[in-house]
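Hi,

Here is the structure we talked about, handed over for you to open alongside this email.

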Amino acid sequence: MTQVKTPPRSGDGPPRPGGWTRLVTARPRLSLLAALLLTALAVLAGSGVADHLGSGGWEDPAAESTYATKALEREFPGSQPNLLLLVDSGRASVDAPAVAAAARSLTTRLAGEKGVTGVGSYWQSKSPALRAEDGREALIAARITGDENTMGRTLDRIAPHYRGTHGPVQVKVGGIVAVRHEMQTIIKEDLTRAEMIALPITLVLLVMVFGSAVAALLPLGIGVVAILGTNAVLRGLTSFTDVSVFALNLTTALGLGLAIDYALFIVRRYREELSTGADPLTAVGTTLRTAGRTVLFSALTVAVSLAAMMVFPQYFLRSFAYAGIAVVLLAAAAALILLPAALILLGHRVNSWDVRRLFRREGEARPAEGTAWARVASLVMRRAPVFALGTTALLVLLGLPFLGVRFGTADDRQLPSAAESHVVQQDIREGFPGSPGGGLEVLAEGGATEAQYAAYRQQVAALPEVARVDGPLVRGDAAYFTVQPVGEAVDDPAQRLVGDLRSLDTPFDTKVTGTAAVLVDTKHAIAERLPWAVLFIVVVTLLLVFLLTGSVLIPLQAVVLNALSLTAMFGAVVWVFQDGHLSGALGFTSSGSIETTLPVLMFCVAFGLSMDYGVFLLSRIKEEYDHTGDHNAAVRHGLQRTGGLITAAAVILAVVMVAIGTSRVTNTKMLGLGIALAVLMDAMVVRSLLVPAIMRLTGRATWWAPAPLRRFHGRFGMSEAGEVLAPKGRGANTSAAPPREQDRPPVARGRRTASPVER
């Protein structure tokens, strides 16, 4: 007969502390002192991190457009202006003598600035593309050289001397370098405000969850440590790789949110163990052996989702992978090392300062354990087909707007409407012919005759999407042409034109760049590598969930339901941020498209967070099933014991993300609000309704696995209880198929006080 080792449960006698428990609790004061010292060092190491982050990174460094851009910067710096001075002559014409004299003076001054090259203006070239259609505005264009940080410092140095009134003209500063620098400054300011919003609200929510102010302060303290550690991690990463400034917002939010989630889970389990009569050391040991393993497992699943972004070439995505993995592991380490030491020192005082006593009438009885979630579980499982079909249909319906997604590039419309660089670019879009700076540049290499260049120009001009062709400008064996597309700079005709230009048969080598070309290359890079990223996430997730559960079906359910939980996020992103609904209420300008890399980032982050909550629920269901063999009771028990915890953790993480979503930069707003919606939908719809309904429908088949996989799980599998249910004889079953319920003695469970989370 198969012998199955039953893991120890709370109240079955105090097990001996494991090696990890002894390690982290042997000298708790020393552990906390060392943590305090490391946190102080992190503050020093992470200071000024925002000044070292970049605001670009959306381009594929190996793309044709990237090569052409760098070559043009080197050979023809005037072809790639990144600084624009918008000269407004008021009621006078830009050709008026006084206006022209002031503009020429500004042009000459700008040409003499250190770090500035390729200076040109309407008053030098008389190019109609540099003059507004109403004749009241014109442009001075230049290029600031160096990397992003050098360009930012140069802009800070020279911009105050050009911005403002100069005789008869008024000057505003714009261009790509101004847009990115202003974006970086705003993100830095918004992050500080988001932290000031999130921390006090989080503390209030934690007090409501735990009742005890002492217990509530522990997750918040772990979250603060994670924030400070995050800044140090990001600063270290900037020493050897480019890191996007957007990573500062999201990784800080992840560090805070996940640290609080993990600490919430551990503190809750510790208080539960104390309520059964365990002493603090035994309670910590049981907590680390159960909730601690789940936290570690959860951190691995989130890190796997973030690691998938390393397959993409854009440093915008890769920096999130590097920083995100480090931050997730940091949050888990803080929860698994610092928190147990603090719990040992606090002991039963973790329940001190119960603020709910102020609002509880004398003699009022506490509600029975998990009654609300028990009722939810019973209702869902009684009407499983209705809930399964209804929630699936709702999630699919919410995701339908994503079918109309249009991908674009990030531009000045990410900024608030009053931002100076956004005002400049908007004036250019609306008032200048042909959208200056929005055309395509063709780099011709290898040398050619004037006749060959002229023939090529005629070929290009004959293309249907071309409005105008300028050039060539020749230097040695290189030349470049400027091609102005019909319509907007990145609309469909402009993107088709990129392909047409690249397919022309020419006697010399050509490379195409420009806004539309960068977009085409970015979309190609994403599409080429996205299947590999998804495959990596799916395969590793299937493996990890199998190691947790020993089931073949549950990992498949987890992947499908996780993906389904993201539909509302993607649908809302398109409906709100692309189509512009609620733009007034949320305070942003819609560009009519979604930046190409953002859906990838949001998918990886939200999928990982969904798995985070999925692991919390599945681990408790699995623990109960291992003890009873009763599938339906295990599902009910798992939701009853974790429903409140998952909901509380999701609400707290959503608060952090919404605080990030108050940013004035549209992409950051989209990230924060979109992920907050995904987290809430996952916790309140998928985990609370869809998962128990599906598991009720699949029944005991949920836990099936073929014999070879059962043996594999018996040897290498993990469980929240911390025991491997290994076979005692050849071909014996493991935890994936426990004995029938009638073959087991009933497991006694003592009545205990309900924890606030369960209620």
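Let's start with Leu 44, which is exposed, with a relative accessible area of 63%. Keep in mind as you look around that this is a predicted model. Leu 44 belongs to helix H2, which covers residues 28-46. Together with Leu 37, Leu 38 and Leu 41, Leu 44 makes a nonpolar surface patch of about 440 Å².

Now the overall picture. The protein chain contains 24 helices and eleven strands. Of its 759 residues, 55% are buried. If you take the contacts with a separation of 6 or more, 80% of them are between residues 24 or more positions apart. The chain exposes about 30,600 Å², and 61% of that comes from carbon and sulfur atoms.

Next, a pair of helices to look at. Two packed helices are described by the angle between their axes and the distance between the axes. For helix H10 (residues 280-307) and helix H11 (residues 315-346), the angle is about 175° and the axes are 9 Å apart. Angles over 145 degrees count as roughly antiparallel, so H10 is roughly antiparallel to H11. On the H10 side, the residues making the contact include Pro 280, Leu 288, Gly 292, Val 295, Ala 299 and Ala 303. From H11, the contributors include Gly 324, Ile 325, Val 328, Ala 332, Leu 336 and Pro 340.

Is Ala 303 buried or exposed? Its relative accessible area is 10%, and buried means under 20%, so Ala 303 counts as buried. Leaving out residues up to four places away in sequence, Ala 303 touches Ile 325 and Val 328. The C-alpha atoms of Ala 303 and Ile 325 are separated by 5.0 Å, although the two residues are 22 residues apart along the chain.

Thr 522 is buried, with a relative accessible area of 5%. Which residues does Thr 522 touch, not counting those up to four places away in sequence? They are Trp 58, Glu 59, Gln 314, Thr 596 and Thr 597.

Cheers

Key
Residues numbered from 1 in each chain as written. Predicted model: local features only at pLDDT ≥ 70, side-chain atom pairs only at ≥ 80, totals over all residues. Heavy atoms only, no water. Patch = residues over 30% accessible without salt bridge, like charges linked within 9 Å, V, L, I, M, F, W, Y side chains within 5 Å. Areas by Shrake-Rupley, 256 points an atom, 1.4 Å probe, with all protein chains shown as cover. Salt bridge = Lys/Arg side-chain N within 4 Å of Asp/Glu carboxyl O. Helix = DSSP H or I, 4+ residues; strand = E, 2+ residues; numbered from the N terminus. Buried < 20%, exposed > 50% of the residue type's maximum accessible area, 1.4 Å probe, protein only. Axes fitted to C-alpha atoms, helices over the stretch in contact; angles between N-to-C directions. Parallel < 35°, antiparallel > 145°, perpendicular 65-115°, else oblique. Contact = heavy atoms within 4.5 Å.
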